[in-house]
Amino acid sequence: MGHLDHAAFGWLTPVLSYAMACIGAALGLRCTMRALGASGRSRRNWLITAASAIGTGIWTMHFVAMLGFGVTGTDIRYDVPLTVLSLLVAMVVVCAGVFAVGYGADRTRALLIGGLTTGLGVASMHYLGMAAVRLHGEVTYDAVRVGLSVLIAVVAATAALWAALNIKSPIAVTLASLVMGLAVSSMHYTGMFAVRVHVTPSGEALPGATAMQFIFPLAVGLGSYLFLTSAFVALSPTTGERAASASAQQAENAQGLPGRQQARTV
């Protein structure tokens, strides 16, 4: 059995992947909070942004962590279509969970359905991403640890959606994001510790792309998307700020109306 290294670059990949998970969670929470204060098309757009942020953060966390994954006795490649599919699965399933919360009439039921859907989606993304791994040997899993990783994913997703419904202050959102990032990272490494690889030495070339050829550029691009979206959300006015601005504009118009009427009379 090949020796597995989950941190070939030391603490760099675990810390960086944790940061990506926290950023995605924070952005998703903020966007969901904006959505719950909006209506119509605006609510839909905020929920889509929230789902893309959470999905992107989770996927980026997973594959940044995978940059540090290695197995003695074999090279590692990644199947490109399956890797892209894992990203799409993360986006779509998280979107379903977020929309269940955003539009659910019964908050408790919506939270449970959304948490279960999103958690299973996160786990599916992880193991679909692992199915994209190509190496000289056979990959097997410890069933108990796999089940534990899925449970962590569901609990983490439910907690994230609960936080989006109940937490309002920026400090609380930050703390919730740090906890969520830890939960997502725990799910990933629990799943990784379930992996067993039986190496079969071979001189044949492996199909697929290396992590640096494909995973790293894509992770950098998605990470940039998270940072740019975070800046957009931070600079865009909240529902309360828009309401205050509209009230101020109405008051200004009302004050100017008597003056204009008097000028027309003269």
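User: In which helix is Ala 156 found?

Analyst: Ala 156 lies in helix α5, which covers residues 143-166; helices here are DSSP runs of H or I with at least four residues, strands are runs of E with at least two, and both are numbered from the N terminus. This is a predicted model, in which local features need pLDDT of at least 70 and side-chain atom pairs count only at pLDDT 80 or more, while totals for chains, interfaces and linings use all residues. Residues are numbered from 1 along each chain as its sequence is written, and side-chain values use heavy atoms, with hydrogens and water left out.

User: Why is Ala 156 called buried?

Analyst: Buried means under 20% relative accessible area, exposed means over 50%, and partly exposed is in between, using a 1.4 Å probe and protein chains only. Ala 156 has 7% relative accessibility, so Ala 156 counts as buried.

User: Which residues does Ala 156 touch, not counting residues up to four places away in sequence?

Analyst: With that exclusion, Ala 156 touches Met 180 and Ala 183, where contact means heavy atoms within 4.5 Å. Ala 156 and Met 187 are 31 residues apart in sequence, and their C-alpha atoms are 8.7 Å apart in space.

User: How do you know whether Cys 31 is buried or exposed, and what does Cys 95 count as?

Analyst: Cys 31 has a relative accessible area of 0%, and therefore Cys 31 is buried. Cys 95, at 22% relative accessibility, counts as partly exposed.

User: How many disulfides are there?

Analyst: A disulfide is a pair of cysteine sulfur atoms within 2.5 Å, and by this rule the count comes to zero.

User: What makes a nonpolar patch on the surface, and which residues form it?

Analyst: Patches are made of residues with over 30% relative accessible area and no salt bridge, with nonpolar side chains (Val, Leu, Ile, Met, Phe, Trp, Tyr) joined within 5 Å and like charges joined within 9 Å. A salt bridge is a side-chain nitrogen of Lys or Arg within 4 Å of a carboxyl oxygen of Asp or Glu. Phe 9, Leu 12, Leu 16, Met 212, Phe 216 and Val 220 form the nonpolar patch, with about 580 Å² of accessible area together, as given by the Shrake-Rupley method with a 1.4 Å probe, where for residues only the protein chains shown count as cover. The elements that give two or more residues to the patch are α1 (12-36) and α7 (211-235).

User: Why is Val 220 called partly exposed?

Analyst: Val 220, which has its place in helix α7, has 43% relative accessibility and so counts as partly exposed.
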